[in-house]
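Colleague: I would like a close look at one part of this model, the aromatic contacts. Please set them in the context of the chain as a whole.

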Amino acid sequence: EDIERNESEIVYGEQRGNHSLNVYYNGKVGKWELDFNADGLWNKTTGHTVSDENTWSGVENDIRDVRTENINRNTLLATKLVAGHPFAGGMMYIGGEASVNTSNNGHTDESGFTKNDESKIRESIFSGFAEDRRRIAFIDAVAGLRYEHVKSDYYLYGVFQREQSRRYSDLFPSLSLSAKTGKVYMQLSYSNDIRRPAYSDLSSAVTYINRYTYEGGNPYLRSTYTRNV
């Protein structure tokens, strides 16, 4: 019978630096309702991991000293404007938003158990939308339409990777009908949205957990579309 015993002592240290900026306005100009905001975010996270892993078995004794460094830098600039105005007995809202985000990830393994990695994702999102709210007889109706264009560029060691980069152009309609009769409240709604992979899920870096477990992302992941009724 083979018996193996594994002991690991892991020391992790992290340094963070964060800066953020927000500007907003909410008010009325004539019959127009205006809601504007703009955000900026800059952060850097540096993590150092030292793992002393000792394995004893009836076959061999193995000692591993694993030292890694991960550096993550992110910048985000985003703005959004929504304007509302009475329209044909209801309320019409129109607006747009834009954001530019850059995520830099660097992984260094001094021990050589995993490969060094340096990747960058530069993503820009531009969208326009309109929403109409009104009451028709005893029904409250909200109908909306959103157009979104996403450009996501992936770089590995500063070289553009076409296959891992993404382009999305989508329309997202939504509709909600609600009514109340006596003590009964009824609602019917439809929406279409998208969920994109997190930047950590797209990272090509492989992290050493122990001799049997390695953890990494997949830069080929695609977005998931959801339709709800």
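**Aromatic contacts in context**

Modeller: Residues 24 or more positions apart make up 61% of the contacts in the chain with a separation of 6 or more, a contact meaning heavy atoms within 4.5 Å. This is a predicted model, in which local features need pLDDT of at least 70 and side-chain atom pairs count only at pLDDT 80 or more, while totals for chains, interfaces and linings use all residues. Residues are numbered from 1 along each chain as its sequence is written, and side-chain values use heavy atoms, with hydrogens and water left out.

Turning to the part you asked about, a search of the whole structure finds three aromatic pairs, where rings of Phe, Tyr and Trp (its six-membered ring) pair if their centres lie within 6.5 Å, and planes under 30 degrees apart count as stacked, over 60 as edge-to-face and the rest as tilted. One of these is the tilted pair of Phe 113 and Tyr 208, with 5.5 Å from centre to centre and 40° between the planes. The pair links distant parts of the chain, since Phe 113 sits in the loop between β4 (90–109) and β5 (117–136) and Tyr 208 in strand β9 (residues 206–210), 95 residues apart; strands here are DSSP runs of E with at least two residues, numbered from the N terminus. Phe 113 counts as partly exposed at 30% relative accessibility, whereas Tyr 208 is buried at 8% (buried is under 20% relative accessible area, exposed over 50%, partly exposed in between, with a 1.4 Å probe and protein chains only). Together with Tyr 214, Phe 113 and Tyr 208 form one aromatic cluster.

Methods
Helices (H or I, at least four residues) and strands (E, at least two) are DSSP runs, numbered from the N terminus.
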